[in-house]
Amino acid sequence: GRNEIGAAVFDFFMLLIVLFLMAVFLRLDWIYYLIYVVGGIWAFSHWQTRRSLSKLLVRRRMPTRAFTGETVDAEIVLHNTSLLPIPWLRIQESVPLDLQTGESYRLVTSVGGRSKATRHFRLFCHRRGYYELGPLRLTSGDLFGCAQSAWEEREKPHMTVYPKVLTLDQLSLPSRLPFGTLRSRQRIFMDPTRMAGVRPYVSGDSMRHIHWRASAHDGTLLVKKFQPSMALTTMIVLDLDQFSYPPRERLGGSEWAVVVAASLASHIIGQRQETGLLTNGLDPFSDGDANPIPGMNGQGHLMGILEVLARIQLRRDPDAEDPMAEGHLSPSRFALHNWLPSHITGASWGTTLILITPHISDPLLWSLHALNRRGLNVQVVAVVRQPGFEKIRSQAEAMGISVHQTLWESDLAQLGQQGGFNGI
C-alpha cells in the first residue's frame, strides 16, 4: 500500500544521509560514488516504473454472451509500446464466483520492449445471470525493488449467461403441444411451411407454389397444397412471485421455471411461430415490472427473450407476509391471480397463453377460466410438485384449461425413489 511505499522511500533517504555523513567524516571518495550510483538507480527506477504502465496497452478478448454450463476462453493482451522492457508485471483479475473455474486469476509475467504478451484464462458459466468482470489490476516495478506502479481499468466488461435450453422431451412435456398455430376452415389462411400434398396447376396459381421436382417426375405442372391455418401469437407468462414458491423450492424451482420458459420460447420460435414473454419477475434493468416482450418470431427475437430470462429475478411484495411455509395462498399483489388480468388485457382472440408457475390455486384457475371464455387458448405448466395435482388437472380440464407438469432434477430423482413418474 501507500504506507509501505512511503516507509520504503523514507528508509532509502535515511540510507543516503548515513552514507553522506560517512563520506564527510571519513573523507572516502568511493562513498560519494556509491551515493551517486544508488541515487541514480533510484531516480531511474521511479521514472521508468511510472512510464512503463503509461506505455502499456491492455485489451481483453472474451465473448459477451454464453449459455449455462459452457466453458468460455478469455485472454488479456498486453502491448508494450516502449523500447524498454517491463521486468515484472503482476496481473490480478476479478471474476464473479459464479464464473470461476477454480484456477487462479493472479499471475506474474514480463513484457519485452516493443512486444506483446497474451495471457489466457477460463470462465465456467455455473448459472445464468448478468455479470460484471473486473476491475483488472496491474502492478509493475523495477528489479531492485526501489519503485512500484499500479494501474486499474475504468470500464468493466459485462457478460450475459443465458439459461439452459432443453427439448420438450427433456422437459417431460409432450412433443406436440397445441402452441401457436390453430387450424382454420377458411382456406384463405394457408401456412406455406405446412405442405399437404400436390394438385394440378390451374390458371391463376402462383409460380412460387409450383412443385418443380414433382412436375418433372409426372410430366405435368403440379402445385403444392398447404394446410389451412391461422398463425396466432403465443405468450409465455413466467411466474416469479417469491411467495408462490415453497421456501425450499425458491432457488431450484425458480431457476427451473426460467429454463422451461427459455426452452418453450426456443421450441415455438423454432416452429416459426410468434412468441412473446410476460413475467411478474424483477428485471434489474427496469424500474418496475419487467417490460413485456411482444409476440414476434426469428432468432434475433429469441435472443432478446433469452437476454431478459438471463437476468430476471424473483420478486417479493414487501407488504405481504410469507404464507407458503404454512401452505396457504400467497396474498402478494404479484401472485398471478392478482397480477395477470390487468397485464393481459391486450391479448387478441386465439392467443395461446402458456403459464409457467409453481402453484395452481383455485383463484388462479377461475382467473384463467375467464381468459379461456374470452377466446384464449390457456396452457399451464407446473414446475414444482403440488399435492393433489391429478385432482387439480381434472378440475382445470373441466374449465377448458390444459395443465402439464415438468419437474427439475431433484424432484424427478425423489419421485423415482418413491415409485416412478407417470409423465404428463
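What share of the contacts in the protein chain between residues at least 6 apart in sequence join residues at least 24 apart? The share is 71%, where contact means heavy atoms within 4.5 Å. This is a predicted model, in which local features need pLDDT of at least 70, side-chain atom pairs count only at pLDDT 80 or more, and totals for chains, interfaces and linings use all residues. Residues are numbered from 1 along each chain as its sequence is written, and side-chain values use heavy atoms, with hydrogens and water left out.

View 1. Helices (H or I, at least four residues) and strands (E, at least two) are DSSP runs, numbered from the N terminus. Of the 424 residues, 45% count as buried; buried means under 20% relative accessible area, exposed over 50%, and partly exposed in between (1.4 Å probe, protein chains only).

**View 2. Strands E1, E3 and E6 form an open antiparallel sheet in the order E1-E3-E6.** Strand E1 (56-61) and strand E6 (115-124) are the edges, each with a single partner strand, so one side of each has no neighbour in the sheet. Two strands pair if DSSP finds at least two bridges between them. Strand E3 (residues 71-80) pairs with E6 over ten bridges in the antiparallel sense. Histidine 79 has lysine 116 in E6 as its bridge partner. Strands of a sheet pair through backbone hydrogen bonds, either parallel or antiparallel.

**View 3. Helix H2 covers residues 29-54.** The expected span of a helix is 1.5 Å times one less than its number of residues. For the 26 residues of H2 this gives 38 Å, which agrees with the 38 Å between the end C-alpha atoms. Buried residues of H2 include Ile31, Ile35, Trp42 and Leu53.

**View 4. Glycine 134 and proline 135 are joined by a cis peptide bond.** Omega is about 10°. Proline 135 sits in the loop between strand E7 (129-132) and strand E8 (137-141). Most residues other than glycine have a negative phi, and most peptide bonds are trans.

**View 5. Serine 172 has a positive phi, near 60°.** Serine 172 is in the loop between strand E10 (158-162) and strand E11 (181-183). Its relative accessibility is 25%, so serine 172 counts as partly exposed.

**View 6. Arginine 272 has a positive phi, near 65°.** The loop that holds arginine 272 runs between helix H4 (250-270) and strand E15 (275-279). Arginine 272 counts as exposed because its relative accessibility is 60%.
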